[in-house]
Amino acid sequence: MRLPAVAADRYNGYMRSKWPIILALVLIVFAIYGQVRHHDFVDIDDRAYVVHNPHVHGGLTVKNVVWAFHGESIEQTGNWHPLTWLSLMTDAQVFGMNPTGFHLSNVVLHTITVLLLFAVLTELTDDRWKSAFVAAVFAAHPLHVESVAWISERKDVLSTMFGVLAIWGYVRYARRRERKWYFLSLCAFAASLLSKQMLVTLPFLLLLLDYWPLNRVKGSIL
């Protein structure tokens with residue numbers, strides 16, 4: 001009975017040491033992006049995506065869900081990203097046409113991505129402080145401003161969130177050999193592509209992770 005008790009104590013201590021980091025990462029994101037709650041829709045693309053889109057206005061109805069997956073939706077913006085449409089429809093269902101809700105959804109999605117990245121890096125390196133630093137840089141990097149502060153770029157923050165989730169699931173599968181993690185990675189990868197086709201090269205990234213730092217490739221010298 002001693003080993004489980006020791007293992008439980010170590011796990012609880014590890015989790016207690018991570019909570020301040022998690023809180024700090026959340027505060028960083030909201031300190032930078034919390035101001036978008038005062039922003040309005042912008043003329044570039046927000047009109048086509050939300051303001052002048054009756055399918056988004058109507059919320060999550062069967063007709064609108066079918067439209068999101070149908071090729072007809074491509075005519076709206078030139079992209080096929082059904083999960084992005086469903087996300088925007090959900091915001092319209094909950095917040096109406098108040099831009100604050102749409103903006104804050106982007107902020108929440110970015111926050112989740114930052115925390116997932118911290119989890120992935122900690123899993124890979126077993127160094128929570130270096131992982132926290134990289135996650136903080138990712139959270140605050142100015143290249144993310146367009147994606148997080150622009151409602152039309154919901155597809156970007158949504159796809160990135162699912163992409164990082166796919167990497168986390170794959171790393172857990174590689175380390176624990178439990179099929180549920182592989183299934184999670186596969187589903188998250190599919191969801192990422194259904195949000196935006198940006199991460200179509202993700203399988204190649206996972207092969208690189210197999211080589212290093214997972215060292216799953218025989219003959220790896222790293």
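Asp210 counts as buried, because its relative accessibility is 9% and the cut-off for buried is under 20%. Its salt-bridge partner is Arg216, with 3.0 Å between the closest N and O atoms. Arg216 itself counts as partly exposed, at 29% relative accessibility. These values are computed from a predicted model.

**Overall architecture**

- The chain contains twelve helices and zero strands.
- Along the principal axes, the C-alpha atoms fill a box of roughly 60 × 35 × 35 Å.
- Of the 222 residues in the chain, 43% are buried.
- When contacts between residues at least 6 apart in sequence are considered, 67% of them join residues at least 24 apart.

- Arg154 counts as buried because its relative accessibility is 0%. Asp91 is also buried, with a relative accessible area of 6%.
- Another salt bridge is formed by the side chains of Glu123 and Arg172, at 3.4 Å from N to O. Here Glu123 belongs to helix α7 and Arg172 to helix α10, so that distant parts of the chain, 49 residues apart, are linked.
- Both Glu123 and Arg172 are buried.

- Asn64 is found in helix α4 (residues 62–69).
- Its relative accessible area is 6%, so Asn64 is buried.
- Apart from neighbours within four places in sequence, Asn64 is in contact with His55, Gly58, Gly59 and Met89.

**Surface and charge**

- The accessible surface of the chain comes to about 12,400 Å², and carbon and sulfur atoms account for 66% of this area.
- Phe30, Val108 and Ile112 make a nonpolar surface patch of about 230 Å².
- Val108, a member of this patch, is located in helix α7 (residues 99–125). Val108 counts as partly exposed because its relative accessibility is 40%.

Key: Residues numbered from 1 in each chain as written. Predicted model: local features only at pLDDT ≥ 70, side-chain atom pairs only at ≥ 80, totals over all residues. Heavy atoms only, no water. Helix = DSSP H or I, 4+ residues; strand = E, 2+ residues; numbered from the N terminus. Buried < 20%, exposed > 50% of the residue type's maximum accessible area, 1.4 Å probe, protein only. Contact = heavy atoms within 4.5 Å. Areas by Shrake-Rupley, 256 points an atom, 1.4 Å probe, with all protein chains shown as cover. Patch = residues over 30% accessible without salt bridge, like charges linked within 9 Å, V, L, I, M, F, W, Y side chains within 5 Å. Salt bridge = Lys/Arg side-chain N within 4 Å of Asp/Glu carboxyl O.
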